[in-house]
Amino acid sequence: MFLLKGLCVPAMLVLGACGCRTDVVAPEPGQPAPAPVAAPALGDVFYDFDQASIRMDAAEQLSQNAAWMQEKSSKRVVIEGHCDERGTSEYNMALGERRASMAKEYMVNLGVQPERMTTVSYGEERPFAAGSNEEAWALNRRAHFVEE
Amino acid sequence: MRYCKEIFSGVFLVMALLLLPGQVQANGDDYIAIRKEGSGKIVLVLSKPAASGGKESGWAERLDVESRSGLDFTGLFSLIPPPLNVAGPRGSSSQSINFGALNSVGAEFYAGGAVVQKSGNVVLSMEVYDTLGGRPILRKTYTGKESDLRSIAHAFCADLVELLTGRPSVFGSKVVFVSNRSGFKEIYMCDYDGHGMRQMTNTRSLALTPVLSPDGQHLAYTDYASGRPRLSILDLAGGKRRSVARSGNSIDPGWRSNAEVATTLSFQGDQEIYLVRPDGSLARRVTNSRGIDLSPSFSPDGNKMAFVSSRTSAPQIFILDLQTGQTKRLTYNGSYNTQPSWSPQGDKIAYSTMEKNGEINIFTINTDGSSLRQLTSGSRQNESPSWSPGGDMIVFTSSRQGQKKLFVMNAAGGGQRRLLQLEGEQMQPSWSLRLK
């Protein structure tokens, strides 16, 4: 679990640095890494500081997630909203929920049935990456998709 | 600090005129004279209660220690040692108290008494005198079991503070907070000074944002026992726990009265603040605005609610008048203002601001937006302010020593110190009113 998260970090950094947005597919922790050009896979999306709006790179990933949901029509997902450690924890709880709901709303607009997606906020309580720097913060501002 | 003293002097004069019985009113000017020369604190001589017999002497010792540490905690008193031969023999009346000696050491008030055993109970008789007039301003007897010496001492301290300041004291109040010492964030409760701590939840998931109802009967908090954040309301007498049976997430409750607690719920899609009854049923929705509405804190009469909203983009504090339905923005300084806490006296709201450098600091502001005052600075994250029952102290979280720990300070920011020596992190403290 930790190992996969660790691998995910450098992958994200490289992709972020080269501005490559088409294939931002962070491997799901606990899932095997997807083949290079394969079926759509469920992946997490990331946010700017104090924002819940969907970025361009997130839109790409959410389209893939929607395709995945349509392909596996019996599956349900939990969308967890997460924040970085900055700011106050109650506000981050609210922000985390807005991140998860914005991701859900985006996928509903792409045709996914809303009842197949539940949102839960963890605010700043369950960070993915340790550290008090922008690299860690960027990874912690996310909507995390979990198969139910 | 100087301002604080001057304000205190003024407050004290008003209190002395308004609240002390007629016999003391004539001396209001004298109090002020002493106040300006002195440390800004009430100069008190507290004599150990007189006692005969080994058992009673032990009680007297313990009562003295508890009273002293309690009065010291308030930061209101300068306790000076009694001059020699201050008091007459046991069971003394005012005639045998040497007020001349008390005046010469600068004492403004003298408190003393006696402790005896009656049918197995501890009986503490206390008298308080103003030393200038030599008149008694308090005479009261406190009775309890031998195991209750601390609360007997605190009952006297409560009367003394309330008499001299006109405000409720910290004695008998509780602090609820979150700690991760068990490996999970759970709710804990302790006395105002950190004594008697006990664990209130055992969710083994996440329990957050505890707050006691004004009467201390119910504890409201948010927990993840069901897999998502839900409002739980625990009946402390019966032990029964209720949850709000609605979909979505619940965040950060605040009591409006013993009959209603407000919290953010999202079952209708957008995050709005709702009033919930202690049985978990919904009373009504109180906000209606797109975006985040969060962290309700009510005026003492329950008619107004301070809360956080992102309706103007960055989070700011707003005040909703529940009678007119009008909402006014309170904070304009800073671009990230959250965690409002309405003072029990009703005049001020404490909150935290995240600064551009990442520091978080605590401010107070009058409810009309005037008298903005910064209470912390240069000490990393200082957050979650919550007022003492009398509004003269604030408990908060600070990461100034690394991990988040609980601190207290006076309402002007002075006397900042650790509240608890406890392993792990502690956060989100909430101070109850004085529980009878």
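This is a predicted model: local features need pLDDT of at least 70, side-chain atom pairs count only at pLDDT 80 or more; totals for chains, interfaces and linings use all residues.
Let's start with the big picture. On one side, 22 residues of chain A are involved, and they are in contact with 33 residues of chain B. Put together, the two chains bury about 2100 Å² between them, and 54% of that lies on carbon and sulfur atoms.

What about the polar side of things? Between chain A and chain B you'll find twelve residue pairs in polar contact, counting pairs with both residues at pLDDT 80 or more. Now look at which parts of chain A do the touching: helix 3 and strand 3 (117-123) are the elements that each give two or more residues to this side. Helix 3 gives the most, with ten residues. Sorted by class, the side of chain A that touches chain B has seven nonpolar, six polar and nine charged residues.

Now zoom in on E97(A), which sits in helix 3 (residues 89-109) of chain A. This residue is buried, yet it has no salt bridge. Its nearest side chain of opposite charge is R98(A), 8.1 Å away, and a salt bridge needs the charged atoms within 4 Å. So who does E97(A) meet? Leaving aside neighbours within four places in sequence, E97(A) is in contact with S121(A) from its own chain, plus N249(B), I251(B), S266(B) and Q271(B) from chain B.

Notes: Residues are numbered from 1 along each chain as its sequence is written. Chains are lettered from A and ligands numbered from 1 in the order in which they are written. Side-chain values use heavy atoms; hydrogens and water are left out. Helices (H or I, at least four residues) and strands (E, at least two) are DSSP runs, numbered from the N terminus. Buried means under 20% relative accessible area, exposed over 50%, partly exposed in between (1.4 Å probe, protein chains only). Lys and Arg count as positive and Asp and Glu as negative; His and the chain ends are not counted. Contact means heavy atoms within 4.5 Å. Buried area is the accessible area (1.4 Å probe) that two parts lose on being put together, summed over both. A polar contact is a pair of N or O atoms within 3.5 Å; within protein, one must be able to donate a hydrogen and the other to accept it, and residues adjacent in sequence count only if both atoms are side-chain atoms. Ala, Val, Leu, Ile, Met, Phe, Trp, Tyr, Cys and Pro count as nonpolar, Asp, Glu, Lys and Arg as charged, and the others, Gly among them, as polar.
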